[in-house]
Amino acid sequence: MSGSTALKQTPNPSSVKSLFAFAVGLIILFAWPLFAQYTPIFTSLATEIIIFSLFGIAYNMALGYTGLISLGHAAFFGFGGYFTGAMLKFFGLPVILSLMLALVASSILGVVFGFICLRKTGVYFTLVTLAISQMLYYVAQMWIGVTGGHEGMAGIPRLGLGQWVELTNNPKGQYWFVASVAGISVYMLWRMVNSSFGKVMQAVRENEERANTCGYNTKRVKYVAFIISGAFSGLAGSLYLISQEFFGIENIYWTMSGAVLIITLFGGTEVFLGPFVGALLFLLMKDSFSHYFEYWQILTGTLFVAVVLFLPEGILGSIVTFFSNRVLRRLPKKEA
Amino acid sequence: MEAIIEFFGRLAEIPANTWITQVYLGLVNGSVLILLALGLTIIFGLMGIVNFAHGTFYMTGAYLGWLTLRLTGNFWIALIVAPILTGLLGAGIELTMLRRVYNKRESVYLGILITFGLSFLGPDVMRFFFGKTGLPYVTPALLDGTAFSIAATNFSRYRLFLIGSAFSLILLMWLLLKKTNLGLIIRAGISNSRMVEVLGIEIRNVWTATFGLGTALAALAGVLVGPIFAVQPTMGDMIIIQSFIVVIIGGLGSLIGAVISALIVGQVLTLFPLLPHLQQLADVVIYLLMAFVLLVRPRGLFGEEGVGE
């Protein structure tokens, strides 16, 4: 699983068409703040969508690609946020350095967390991740000196990238910063999924026993996937702290794990960018519906159950399947 | 060493009636947890579904109980009507939603997801109909006040009634499972549902009945705690995690394990805050207990091999 083997696998048959789509996507992504005010997705909401897309895509490393249903990722998200906050607030470190340290620290949390939880399989795994992350919630609740307890973590100093870019009270600057960090992270995850290691992850999801028989150390594969998933979930938490300039305790409560599960499944676990669609939908519902109908969770929950029952591949997944089926249906005709 | 002496010194200073009160309250906690954990563990054992919506059914029961109490003014009617209605709701959900996913490849996960979705929308449904704030229950006159006192400790009648009801229900469940035909089928289904089907028994109907029964138990717990705790939309969020811990410690699918570990967890939750210097850890300690039990006995106290793995 060395770097060189990973590089051999080029992502996507990079036709001119997909390269074009990629470029257009990137341009839209970075140009969004310029015309955000004409759309329902304001810059601050767009920032949130990007952060939760990163969270969802990182979470999907465990859920969709390795088949680990974790309900403990709130621990990573919350830990990443609190850790970055502590670095900025108490040590006065620069933003980029804090983010890097948060990524490392979240990986270490993943090492410990995974060591405990991955001794279990199946339902036990899910329940133990839930329990351990709840334990961290109570730790955060007690450790008021750092986390602020129920009041939340406030008093983050003014942030900027050197003297050039101001982040505090600057939604556009925050957006571009978050989009860049998240973009690089998502690209790294994309390379990982398409590496030979990514293929083994999927083999473990499909049939762990068979992958094991093929000579892969499936336990280690799951462990590494879980750590990477946790590390980038932590980074998402860090970005959330930076964009909100505040971090509430609900970010480490188990309902946050539930939210990321919903986001990931909405979009579809088998498509890499599925969680992006999920985050878009989830946050749009939360932000827009709640203006008209306060009890937005009723709609989101109903839609979620409907998606699980009728579109098990998720929304983006179903769209992809629909179009690829159409292409497939057309193909034999040409041959005939 | 001095710290230890001081620890026990301060422990000894706690008056006896405080201990008795806490044990009594722990028993109340344990009884509520038993009612929830029994349903969870039977549903899991039989259908392989981890019911995340169990807390939601508990809350639904409490609200329906409040509504019945408001309409009829009679606590006893509420105590019967609310669990029946919730049980029917549970059976309906099993029939229309969960039944669709049993045959699919990853039915365990789909079950988690569906019930999780229900638990996500549940609190907002209640907020929509009943408002955001907690609702008070009136303790029935018959159960108001103190039953008896031991060593200057008052035992409230209502809490005694709650403990009594929980244990009578355990007895009833035990009779149901051991002495009736349905119980025989449920137990057979827990150990091998395919075999039960081969023997010509329509196990799907048993699943629906069991899911209804489990949710009715949760709803009953909801009504029972009404007069003690406030009835509010988030009341299920907290207790569902505690019930999961109870079920994990007891062993998934084990009935006796659920009962024993509920009693243990109930005591830990109320006694731990008494310990000097360690009060702060009270919220965390049941998680530590769970981690410890899983390290020593990976399948919980009474779990069987292969269940839930």
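Me: What radius of gyration does chain B have, and what would a compact globule have?
Reply: A compact globule with 309 residues would have a radius of gyration near 19 Å, and chain B has 20 Å, which agrees. The radius is taken over C-alpha atoms, and the globule rule is 2.2 Å times the number of residues to the power 0.38.

Me: Where do these coordinates come from, and which residues count?
Reply: This is a predicted model, in which local features need pLDDT of at least 70 and side-chain atom pairs count only at pLDDT 80 or more, while totals for chains, interfaces and linings use all residues. Residues are numbered from 1 along each chain as its sequence is written, and chains are lettered from A and ligands numbered from 1 in the order in which they are written.

Me: What does the C-alpha trace of chain B span?
Reply: Along its principal axes, the trace of chain B spans about 65 × 50 × 40 Å. Of its 309 residues, 47% count as buried. A residue is buried if 20 or more other C-beta atoms lie within 10 Å of its own, exposed if 12 or fewer, and partly exposed in between, with C-beta atoms placed from the backbone.

Me: And how many helices and strands in chain B?
Reply: Chain B has twelve helices and two strands. Helices (H or I, at least four residues) and strands (E, at least two) are DSSP runs, numbered from the N terminus. The order of the elements in chain B, from the N terminus on, is α-α-α-α-α-β-β-α-α-α-α-α-α-α.

Me: How far does helix α2 of chain B reach?
Reply: Helix α2 (residues 16-47) of chain B has 32 residues and reaches 46 Å from its first C-alpha to its last, close to the 46 Å expected at 1.5 Å a residue. The expected span is 1.5 Å times one less than the number of residues. Just after α2(B), B:G48 takes a positive phi of about 70°.

Me: Switching to chain A: what are its radius of gyration and its trace?
Reply: For 336 residues a compact globule would have a radius of gyration near 20 Å; chain A has 20 Å, which agrees. Its C-alpha trace spans about 70 × 50 × 45 Å along the principal axes. Chain A holds 15 helices and two strands, and 46% of its 336 residues are buried.

Me: How many residues of the two chains are in contact?
Reply: In all, 33 residues of chain B are in contact with 32 residues of chain A; a contact requires C-beta atoms, placed from the backbone, to lie within 7 Å. The largest share of the side of chain B that touches chain A, 16 residues, comes from α5(B). By class, this side of chain B has 25 nonpolar, three polar and five charged residues. Ala, Val, Leu, Ile, Met, Phe, Trp, Tyr, Cys and Pro count as nonpolar, Asp, Glu, Lys and Arg as charged, and the others, Gly among them, as polar.

Me: At what angle do α6(A) and α12(B) pack?
Reply: Helix α6 (residues 122-142) of chain A and helix α12 (residues 282-296) of chain B pack at an angle of about 145°, with their axes 9 Å apart. Axes are lines fitted to C-alpha atoms, for helices over the stretch in contact, and angles run from 0 to 180 degrees between N-to-C directions.

Me: Which residues meet there?
Reply: On the α6(A) side the residues include A:V128, A:I132, A:M135 and A:Y138, and those they meet in α12(B) include B:V284, B:Y287 and B:L294. The residues of this contact divide into ten nonpolar, one polar and one charged.

Me: What does A:L309 touch?
Reply: Not counting residues up to four places away in sequence, A:L309 touches B:M97, B:R100 and B:I114. A:L309 is found in helix α14 (residues 296-310) of chain A and is partly exposed, because 17 other C-beta atoms lie within 10 Å.

Me: Which phi does A:E245 have?
Reply: A:E245 has a positive phi of about 55° although it is not a glycine. Its place is in the loop between α11 (218-244) and α12 of chain A. A:E245 is partly exposed, with 19 other C-beta atoms within 10 Å.

Me: And α12(A) itself: how many of its residues are buried?
Reply: Helix α12(A) is mostly covered, with 13 of its 14 residues buried. At 1.5 Å a residue, this helix (residues 254-267) should span 20 Å, and its end C-alpha atoms are 21 Å apart, which agrees.
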